[in-house]
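Reader: Could you walk me through one part of this structure up close? I'd like the place where the ligand sits, and then whatever else in the fold deserves a look.

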Amino acid sequence: MLPWGYAFGGILRLVIAIGTLILYFEKTRTDLSNREFQYKLLTENAIDVIYYYRLPPEATIEYVSPSALLVTGYAPEEYYADNNLIFKLIHPDDKSLLDDFINNLPCSLETPLTLRLFRKDKATLWVEQKCVPIHNEKGQLVALEGIIRDITQRKKLEQMASTFDRMNMVGSMAATVAHEIRNPMTTVRGYLQVLGRKEKYQPDKEKFTLMIEEIDRANNIIREYLSLSHEKLVSLKKCSLNYIIEALFPLIQADANSSKVYASLNLSDIPELLLDENEVRQLLLNLVRNGIEAMPTGGNLVIRTFRGDNKIVLSISDQGSGIPLHILDHLGTPFFTTKDTGTGLGLPICYQIAHRHNASIKIDTSTTGTTFFVYFSPPVL
Ligand code: ADP
Ligand code: MG
């Protein structure tokens, strides 16, 4: 009986031990799978794009989180189907940044890489990517695991801040040097006028006229410079935007007709707005001029006013060939121009005027034309 008793006791203890072990492993397995589930949930719901990229020679994208669809417009399946898709999205000007990054691995991993991507809808996106190296048992770098964050909004704010900084600088520069330059120029212009009238200079009359025109052009640039000054005070008064446009229209028409452009108005019934009449005139003329200049072989220019999105909108549409993406990014930067005789000050002035009116400017452009929208807030009743 006794040996059986020992044997039974032994088996019982063994069963209990195995049971405990099974329970322990099962609990650890559930804990692990719970944790894995939580991590998976975190990656699957992350706003940033999380990826796992196996490096060449077996280059493959092993994982991209679903947020890729939201950020870039392409779903993870599209990345899995084409391992080079992400590289095709990189802005041509930023390709060298990625090449540097890859050629200097693993040192380059220490600093985040900031570059531009094209979304599926062709919009430009600023992203910042950070990653960690994954090594195999032999210590070789085999993969990268990282995140890609959409920093477009941050970049836009930074660009706006630097544009305003530059404009303020330009403004104060202008205020100090403008008079110094203008005074001697007025003297030169005056003498040119007087000498140009003299009998002996009549054969060179055209040259005199040209010199005077050039001085006037320089003076215009200085005047535009001055209006960039940030200290300028606006006097906002309740007035009719339609009225300002109608009053300017004959001038616009004359300007347009001399460039074979047909200008038309399409004004809706809109409430009065708080405006600085002179500034709105300048804004309108600058945008109209750009529209006319965008159609060197003629076309239609339409000025509209309408209500939309709780705003009062002024729009100027042309039938030019549109603004390419690489130029769109620079619009509003003082002195940025693609024209031989452009000043690059028209749009910065428009942005400043809009800013002083609490209005915003949006651009819709394609190869068949461009529309500039100025969104004014209706006055609070
Ligand atoms: P400027 O007219 O003196 O060049 P702007 O600041 O008015 O300076 O415009 C800057 C640049 O923006 C222009 O040189 C042009 O390339 C582009 N641009 C502005 N408006 C238009 C438009 N309606 N269509 C095409 N390009 C435009
Ligand atoms: Mg212009």
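Author: Let's start with aspartate 318: an N or O atom in its side chain is 2.8 Å from a nitrogen atom of ligand 1. Keep in mind that this is a predicted model, and the distances here are computed from it. A polar backbone atom of leucine 347 is 2.8 Å from an oxygen atom of ligand 1, and for threonine 343 a polar backbone atom is 2.9 Å from an oxygen atom of the ligand. As for how covered the ligand is, ligand 1 taken alone exposes 540 Å², and the protein buries 92% of that.

Searching the whole structure turns up 4 aromatic pairs. One of them is tyrosine 53 with phenylalanine 87: the ring centres are 6.1 Å apart and the planes sit at 70 degrees, so this pair counts as edge-to-face. Tyrosine 53 belongs to strand S1 (residues 49-54) and phenylalanine 87 to helix H4 (residues 85-88), so the pair ties together parts that are 34 residues apart in sequence.

A couple of backbone details are worth checking too. Proline 56 and proline 57 are joined by a cis peptide bond, with omega at about 10 degrees. You'll find proline 57 in the loop between S1 and strand S2 (60-64). The other detail is aspartate 309, whose phi is near 50 degrees, a positive value in a residue other than glycine. Aspartate 309 lies in the loop between strand S9 (299-308) and strand S10 (311-318).

Notes:
Residues are numbered from 1 along each chain as its sequence is written. Chains are lettered from A and ligands numbered from 1 in the order in which they are written. This is a predicted model: local features need pLDDT of at least 70, side-chain atom pairs count only at pLDDT 80 or more; totals for chains, interfaces and linings use all residues. Side-chain values use heavy atoms; hydrogens and water are left out. A polar contact is a pair of N or O atoms within 3.5 Å; within protein, one must be able to donate a hydrogen and the other to accept it, and residues adjacent in sequence count only if both atoms are side-chain atoms. Accessible areas come from the Shrake-Rupley method with a 1.4 Å probe; for residues, only the protein chains shown count as cover. Rings of Phe, Tyr and Trp (its six-membered ring) pair if their centres lie within 6.5 Å; planes under 30 degrees apart count as stacked, over 60 as edge-to-face and the rest as tilted. Helices (H or I, at least four residues) and strands (E, at least two) are DSSP runs, numbered from the N terminus.
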